[in-house]
Amino acid sequence: QVQPVESGGGLVQAGDSLRLSCAASGRTFSSEGMGWFRQAPGKEREFVATINWNGDSTYYADSVKGRFTISRDNAKNTVSLQMNSLKPEDTAVYYCAARLRPWLSIHSYEYDYWGQGTQVTVSS
């Protein structure tokens with residue numbers, strides 16, 4: 001069983017950058033598609049970014065395209081989300097998720113394992 005564990009959240013100002021990391025415990029996730037989702041207070045969980053098993057295919061939500069970058073290092077068993085030019089509307093709990101398929105997906109229901117989440121707060 002793969003258990004993603006997120007880290008790197010925090011409180012930043014608008015325009016700043018943050019890098020979130022996701023490590024897997026239990027076993028390697030080098031053959032799984034991975035994704036980042038977020039949930040703001042009072043809102044539903046939404047898709048942010050996804051990456052396929054070897055990192056050569058990625059896809060982003062329109063709201064973060066050009067500002068966020070998802071990447072993975074299978075040798076280190078980690079997936080990262082580099083977030084630049086942060087905005088107050090990026091404030092949310094960010095979740096890392098793994099799916100038992102090698103391809104990327106924007107749908108939360110296609111992911112099999114979820115982390116506990118890490119809080120990102122962007123002040124104006």
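1. Basis. The model is predicted: local features need pLDDT of at least 70, side-chain atom pairs count only at pLDDT 80 or more, and totals for chains, interfaces and linings use all residues. Residues are numbered from 1 along each chain as its sequence is written, and side-chain values use heavy atoms, with hydrogens and water left out.

2. Secondary structure. The protein chain has zero helices and 11 strands. Helices (H or I, at least four residues) and strands (E, at least two) are DSSP runs, numbered from the N terminus. The order of elements is therefore β-β-β-β-β-β-β-β-β-β-β from the N terminus on.

3. Overall dimensions. The C-alpha trace of the protein chain spans about 40 × 25 × 25 Å along its principal axes.

4. Of the 124 residues, 43% count as buried. Buried means under 20% relative accessible area, exposed over 50%, partly exposed in between (1.4 Å probe, protein chains only). Take the contacts with a separation of 6 or more: residues 24 or more positions apart account for 59% of them. Contact means heavy atoms within 4.5 Å.

5. Nonpolar core. The largest nonpolar core has 34 residues. Such a core is a set of buried Ala, Val, Leu, Ile, Met, Phe, Trp, Tyr and Cys residues joined through side-chain atoms within 4.5 Å. Trp-36, Leu-81, Met-83 and Tyr-94 touch the most other members. Elements giving two or more residues include strand 5 (46-51), strand 7 (68-73), strand 8 (78-83) and strand 11 (118-123). Strand 9 gives the most, with six residues.

6. Disulfide. There is one disulfide, defined as a pair of cysteine sulfur atoms within 2.5 Å. Cys-22 and Cys-96 form this link, S to S 2.1 Å. The pair joins distant parts of the chain: Cys-22 sits in strand 3 (residues 18-25) and Cys-96 in strand 9 (residues 92-99), 74 residues apart. The link is left-handed, with -80° about the S-S bond. Cys-22 is buried at a relative accessible area of 0%; Cys-96 is buried at 1%.

7. Aromatic pairs. The structure holds five aromatic pairs. Rings of Phe, Tyr and Trp (its six-membered ring) pair if their centres lie within 6.5 Å; planes under 30 degrees apart count as stacked, over 60 as edge-to-face and the rest as tilted. Phe-37 and Trp-114 have ring centres 5.1 Å apart and planes at 55°, so this pair is tilted. Phe-37 lies in strand 4 (residues 33-39) and Trp-114 in strand 10 (residues 113-114), 77 residues apart. Both are buried. Phe-37, Phe-47, Tyr-59, Tyr-111 and Trp-114 form one aromatic cluster.

8. Charges over rings. The rule asks for NZ of Lys or CZ of Arg within 6 Å of the ring centre and within 35 degrees of the ring normal. Arg-45 lies over the face of Tyr-95, at 3.9 Å from the ring centre. Lys-65 lies over the face of Tyr-59, at 5.6 Å from the ring centre.

9. Thr-58. Thr-58 is in strand 6 (residues 58-60). Thr-58 counts as partly exposed, at 35% relative accessibility. Leaving out residues up to four places away in sequence, Thr-58 touches Thr-50, Ile-51, Ile-70 and Leu-104. The C-alpha atoms of Thr-58 and Ile-70 are separated by 7.2 Å, with the two residues 12 apart along the chain.
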